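Here is a short briefing on a protein chain. Look at the structure first, then read the points below.

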Amino acid sequence: MPLTLRTRPLTGSIRPLTGRIRPLTGPTRPLPEGTRPSRRVTGPLRHRRAAALLACAVSVALLGASAPPVPLGLGDRLFPYLGNPGYDVASYDLSFAYPGSNDKPLQAVTTINAVTTTDLDRLNLDFAHGKVESVEVDGRAAAFESAGEDLVVTPDRPLRQGDWTRITVKHTSDPVSAKGQDGGWVRTTDGLAMANQADAAHLVFPCNDHPSDKAMFTFHVTAPNGYTVVANGLPAETARTGRTTTWTYRTRHPMATELAQVSIGRSAVLHRTGPHGLPVRDVVPSADAKTLEPWLARTPDQIAWLEGKVGTYPFETYGVLMAQASTGFELETQTLSLFEKNLFTEPAYPKWYIESIMVHELSHQWFGDSVSPHVWSDVWLNEGHATWYEELYAEEKGHQPMINRMKAAYGASDRWRTADGPPALPKAPEPGQKISIFRPNIYDGAALALYALRQEIGRPAFERLERIWVQQHKDGTATTADFVHLASAIANRDLTGFFDAWLYGEKTPPMPGHPDWKQVPAPKKQTAK
């Protein structure tokens with residue numbers, strides 16, 4: 001999610017080898033106070049004791065089920081209540097009915113298939129902006145209550161560890177943001193799009209809203225005839241019934257909830273072919289298709305350029321969604337990146353800059369989407385790499401020397417660390433501003449750390465690291481420690497101390513190869529006379 005030139009500084013998520021996440025474990029239920037494991041007992045006494053223990057266990061379960069619902073979370077340092085313990089989502093099936101107006105709630109049904117990773121009398125889903133009408137667990141009605149930004153579901157029978165379960169929530173999805181809420185549906189001039197990063201997918205649909213729990217997605221969106229719907233993945237079916245059409249899309253790779261995208265509008269879908277026959281589809285306002293086509297035509301070459309740097313594009317399709325909306329950012333939603341249309345029509349932006357921003361979001365398909373952060377403090381791995389390839393593209397295609405931006409970033413780095421925290425230890429978001437974690441320290445500050453790494457280990461080793469990284473962690477999540485471990489293996493020496501200084505230090509270390517680079521004090525504010 002890079003901020004555009006108007007707000008950007010300078011000039012410019014266990015991990016199984018199969019790509020599924022590690023089981024998320026929830027809190028274990030303690031034994032009743034005073035209970036200890038007993039010796040094996042036989043005969044009538046054994047049966048009486050077993051009956052007593054069973055009664056006690058039932059009592060504990062009932063007490064747990066009757067206690068007030070509370071919001072849970074995975075304990076993410078930046079978003080402690082994001083995500084929920086006790087289950088691993090395998091797939092989401094989302095159905096939305098768009099009423100033809102983007103200021104009215106959509107009728108929706110969310111179906112979640114998950115496996116439990118611990119015994120559960122209840123389970124929590126993240127959901128904070130819609131009315132829940134009913135909940136079923138495995139086809140049976142379940143009780144539900146709200147607690148904070150959680151929907152707390154109580155099945156009619158406990159779920160045991162290792163059970164596959166299906167949770168179906170019938171609800172509304174409100175595109176009008178509530179006060180203090182950030183993200184979710186984006187209202188465009190002709191419909192809707194989504195911007196769920198970092199903590200906002202649960203403003204659209206019930207989910208386990210943390211990048212560590214990636215899942216497959218199916219979308220069914222019904223809209224009045226005359227609207228076009230595009231979502232992540234590939235189209236599976238389009239069915240017209242009377243005055244409405246239902247569009248179905250499916251992903252072929254697991255996806256984090258924050259990367260979900262649904263575009264509803266009076267749009268044109270422009271098709272072209274990328275490298276290796278990759279289907280590329282772009283979504284633009286119908287009236288602007290001809291004007292925007294020259295920009296869109298650049299995408300296949302941009303994909304080929306990035307494949308030359310880091311390897312084969314990781315997904316089943318790609319495209320650009322140009323929304324007629326004011327967001328203040330662009331966003332790397334999986335297979336369909338969200339852009340403000342005005343980025344491409346504002347004459348003040350040079351062509352090299354616009355193309356480099358396109359490459360920034362495209363880079364995220366490898367760094368952030370295919371390889372997702374395991375926790376949000378690892379977000380520098382997303383934004384640092386996307387900024388790196390944005391700058392490298394600007395250097396190679398736009399003749400903008402990377403070293404100039406790196407030197408400028410170095411001069412500001414200590415100030416960024418003081419204000420926002422070091423790249424891998426960013427400060428928590430401001431109250432009511434969840435996207436405020438996206439500060440200069442995880443963009444240019446993180447790219448600066450990558451530049452230092454290339455200086456330290458050499459270009460060939462750095463380029464090998466990049467290719468192996470995205471291949472090794474494809475369709476999964478990864479941590480900063482994983483990156484340090486792989487870099488050390490490729491460099492054939494322990495780089496822990498190097499990374500500790502560059503990613504966690506309060507002060508910026510000396511730049512390898514550039515001992516003359518210095519910190520630059522902030523410009524003095526002009527005082528009115």
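Asp 420 is buried, because its relative accessible area is 11% and the cut-off for buried is under 20%. The model is a predicted one. Start from this residue, then move on to other salt bridges and to one helix.

**Asp 420 and its partner**
- The side chain of Asp 420 meets that of Arg 439 in a salt bridge, at 3.7 Å from N to O.
- This pair links distant parts of the chain, 19 residues apart. Asp 420 sits in helix H7, while Arg 439 is in the loop between H7 and helix H8 (444–457).
- Arg 439 is buried too, with a relative accessible area of 10%.

**Other salt bridges**
- In total, the structure holds 13 salt bridges.
- One of them joins the side chains of Arg 272 and Asp 282, at 3.1 Å from N to O. Arg 272 belongs to strand S16 and Asp 282 to strand S17, ten residues apart. Both residues are buried.
- Another joins the side chains of Glu 390 and Arg 405, at 3.1 Å from N to O. Glu 390 lies in helix H6 and Arg 405 in helix H7, so the pair ties together parts 15 residues apart in sequence. Both are buried.
- Glu 390 and Arg 405 also belong to a network of salt bridges with Glu 391 and Asp 444.

**Helix H2**
- Helix H2 covers residues 289–296, and its buried residues are Ala 289, Leu 292, Trp 295 and Leu 296. They lie on the same side of H2, because they cover an arc of only 110° around the axis.
- Lys 290 and Thr 291 are exposed on the other side.
- The buried residues of H2 pack against several elements, including strand S16, strand S17 and helix H3.

Definitions and conventions: Residues are numbered from 1 along each chain as its sequence is written. This is a predicted model: local features need pLDDT of at least 70, side-chain atom pairs count only at pLDDT 80 or more; totals for chains, interfaces and linings use all residues. Side-chain values use heavy atoms; hydrogens and water are left out. Buried means under 20% relative accessible area, exposed over 50%, partly exposed in between (1.4 Å probe, protein chains only). Helices (H or I, at least four residues) and strands (E, at least two) are DSSP runs, numbered from the N terminus. The arc is that of the directions from the helix axis to the C-beta atoms. Contact means heavy atoms within 4.5 Å. A salt bridge is a side-chain nitrogen of Lys or Arg within 4 Å of a carboxyl oxygen of Asp or Glu.
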